[in-house]
Amino acid sequence: MPDEPIALDADGLPIEEPAPTVQKSALRVKRAAAQVSGSGTVKWASRNVRTRWEYGQDCTNFVSKALYHGGKMKTRQGGRKHDRAWWQQYYLFGKIKNKSYTWAAAENFRRHMIRYRGAKHVTALFAKPGDLVLLKWKKERGYNHVAIVERKRHGLQLIQHGSSNRTSLAAAILRYRGKPNYIERVTILRPKARS
């Protein structure tokens, strides 16, 4: 499934799309019992954003925990390196951790969400709390950061394990603008399937 990144303007900021004039009933999606709880994801992330990092780059691990504990997304068993798997395990009273690549690596996580969870691409205009924002830098082979949309107020406000716990999408993009390794792609996904 190809990426559908959001469009960026000449300054590298998300292009604001005009609001649709007519809201069609087909666009109204009822929350099914099998959907991930966006509000639960945000609530867990907000309460736990200051928790100790387990990795040097802990963004995907943090988002996975928020989806699991707050969003009630179920784990999926499988080989540690396979995109269909999504799990974490702890041994010896939490001293040894073992996680699937999709649990703690942004590019693997992105592929898992699209291929095995039915995550849909959404634009910044239609993003809502609990959606996932993935960032790809120019010199990276794949996406290497993920954050959660906390709210929409003056653009998308993000919560994450990153250089700052809370930031806006615009501020994240501006931070790297003009640098050789700038953010070249932003993708927003809405998790769908819990199972």
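At what angle do α2 and α4 pack, and how far apart are their axes? The angle is about 35 degrees and the axes lie 10 Å apart, with axes taken as lines fitted to C-alpha atoms, for helices over the stretch in contact, and angles running from 0 to 180 degrees between N-to-C directions. Helices here (H or I, at least four residues) and strands (E, at least two) are DSSP runs, numbered from the N terminus. The model is a predicted one, in which local features need pLDDT of at least 70, side-chain atom pairs count only at pLDDT 80 or more, and totals for chains, interfaces and linings use all residues. Residues are numbered from 1 along each chain as its sequence is written, and side-chain values use heavy atoms, with hydrogens and water left out.

Back to the helix pair. The crossing of α2 past α4 is left-handed, a label used if the near helix is turned anticlockwise from the far one by less than a right angle. On the α2 side, T60, V63, S64 and L67 meet A106, F109 and M113 of α4, where contact means heavy atoms within 4.5 Å. Sorted by class, this contact has five nonpolar residues, two polar ones and no charged ones. For that count, Ala, Val, Leu, Ile, Met, Phe, Trp, Tyr, Cys and Pro are nonpolar, Asp, Glu, Lys and Arg are charged, and the others, Gly among them, are polar.

Then there is the nonpolar core, meaning a set of buried Ala, Val, Leu, Ile, Met, Phe, Trp, Tyr and Cys residues joined through side-chain atoms within 4.5 Å. Buried stands for under 20% relative accessible area, exposed for over 50%, and partly exposed for in between (1.4 Å probe, protein chains only). The largest core holds 24 residues, and V63, L67, F109, M113, L132, V146 and I148 touch the most other members. At least two residues each come from α1 (38-48), α2 (59-70), α4 (106-116), β4 (132-137) and β5 (145-152). The largest share, five residues, is supplied by α2. Another core, of 15 residues, lies apart from the largest one and includes A127, V133, V149 and I183.

Charged pairs come next. Salt bridges (a side-chain nitrogen of Lys or Arg within 4 Å of a carboxyl oxygen of Asp or Glu) number 11 in total. In one of them, D83 and R111 come together at 2.7 Å, N to O. D83 sits in the loop between α2 and β1 (88-91) and R111 in α4, so this pair ties together parts 28 residues apart in sequence. D83 is buried, at 9% relative accessibility. D83 and R111 also belong to a network of salt bridges with E107, R110 and R115.

A second pair is K138 with E184, whose closest N and O atoms are 3.9 Å apart. K138 is in the loop between β4 and β5 while E184 is in β8 (residues 183-190), so parts 46 residues apart in sequence are tied together. Both ends are partly exposed, K138 at 41% and E184 at 28%. E150 pairs with R166 at 3.0 Å, linking β5 to β7 (residues 166-168).

K72, between α2 and β1, has a positive phi near 65 degrees without being a glycine. H154, between β5 and β6 (156-159), also has a positive phi, about 60 degrees, and is not a glycine; H154 is exposed, at 75%.
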